[in-house]
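I opened my notebook to record what I looked up in this structure, one topic at a time.

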Amino acid sequence: LESAVANPDQSISKLSILSPDERHTILQKWNDTEQLLAPKTLPELFEAQVERTPNAIAVTFEDRSLTYAELNAKANQLAHYLRSQGVGPEVLVGLCIERSLEMMIGLLGIIKAGGAYVPLDPEYPTERLGFMLQDTKPHILLTQEHLITVLPRCDSRLICLDCDWEIIADNPNYNPISITTPENPAYVIYTSGSTGKPKGVV
């Protein structure tokens, strides 16, 4: 009404329904959300969540669970071990593990070490797994002991997260110093190959 009285010749569609103060609040104050954000890596983002909720459940599989602090500690032990085995930025690590808590430990451990993981589904045909391993030539292949017999032959060093865990557990459980940037690869995922050979996408 104030707008109509102040501008009697204005068409109704052009009358303001907000006072100048209300317009300023909506357009300026509520939208003043700019903040400086430094690019973060996946390990940094995960570690920030660990700091916020260390005792919250991070992952559950069947009747087993790990808190953020427990998952982080195990992933850190694996990361330190993988670094001692030459894993770092631009280094590919195969991950052929059945769905389990160990799969999450492996995935996070590889990324925290600075490497990039190559997910290899143990349900894939041997020929497809062989092609992916030949194509990526991972430095290390993380797996489980009972899967070794179904894996095709490859030159990668095999590390079993179940039977080799005692060796891995000798490593420190604190966060490794970050040696990656947001520009380093995190993983290589393969297309279905329905139009020809599967292609690895970084």
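This is a predicted model: local features need pLDDT of at least 70, side-chain atom pairs count only at pLDDT 80 or more; totals for chains, interfaces and linings use all residues.

**Entry 1**

I began with the strands and found an open sheet of four, in the order E4-E3-E5-E6, with parallel pairing. Which strands are the edge strands? They are E4 (116–119) and E6 (157–160), since each of them pairs on one side only. I also noted that the twist from one strand to the next averages 30°.

I then followed the pairs across the sheet. Strand E3, residues 92–96, runs parallel to E4 and is joined to it by four bridges, and here Val93 stands opposite Tyr117 of E4. Four bridges also join E3 to E5, again in parallel, and in this pair Val93 stands opposite Ile140 of E5. From E5 I went on to E6, where I found four bridges and a parallel run, with Ile140 opposite Arg157 of E6.

**Entry 1: the two faces of E5**

I looked up whether the faces of E5 are covered or open, and both are covered. Ile140 and Leu142 are buried on one side, while Leu141 and Thr143 are buried on the other.

**Entry 2: helix H3**

In H3, which covers residues 42–52, I listed Pro43, Phe46, Glu47 and Val50 as buried. Why do they line one face of the helix? Seen down the axis of H3, the buried residues fall within an arc of 100°, so they line one face. Among what covers the buried residues of H3, I found helix H4 (68–84) and H5.

**Entry 3: helix H4**

H4 has 17 residues and reaches 24 Å from its first C-alpha to its last, close to the 24 Å expected at 1.5 Å a residue. The buried ones include Tyr68, Asn72, Gln77, His80 and Leu82. After H4 comes Gly86, and I wrote down that its phi is positive, near 95°.

**Entry 4: the cores**

Which residues touch the most other members of the largest nonpolar core? Among the 30 residues of this core they are Leu82 and Leu142. The elements that give two or more residues to this core are H3, H4, E3, H5, E5 and helix H7 (165–168). Apart from this core lies another, of 12 residues, among them Leu92, Cys96, Leu129 and Met132. I also looked up the contacts of Leu82 and, leaving out residues up to four places away in sequence, found Val87, Gly109, Ile110, Ala113, Ile140, Leu142 and Ile159.

**Entry 5: Ser3**

Last, I turned to Ser3, which has its place in helix H1, residues 2–6. Is Ser3 buried or exposed? Its relative accessibility is 17%, and buried means under 20%, so Ser3 counts as buried. Not counting residues up to four places away in sequence, Ser3 touches Leu15 and Ser16.

Conventions
Residues are numbered from 1 along each chain as its sequence is written. Side-chain values use heavy atoms; hydrogens and water are left out. Two strands pair if DSSP finds at least two bridges between them. Axes are lines fitted to C-alpha atoms, for helices over the stretch in contact, and angles run from 0 to 180 degrees between N-to-C directions. Buried means under 20% relative accessible area, exposed over 50%, partly exposed in between (1.4 Å probe, protein chains only). The arc is that of the directions from the helix axis to the C-beta atoms. Contact means heavy atoms within 4.5 Å. The expected span of a helix is 1.5 Å times one less than its number of residues. A nonpolar core is a set of buried Ala, Val, Leu, Ile, Met, Phe, Trp, Tyr and Cys residues joined through side-chain atoms within 4.5 Å.
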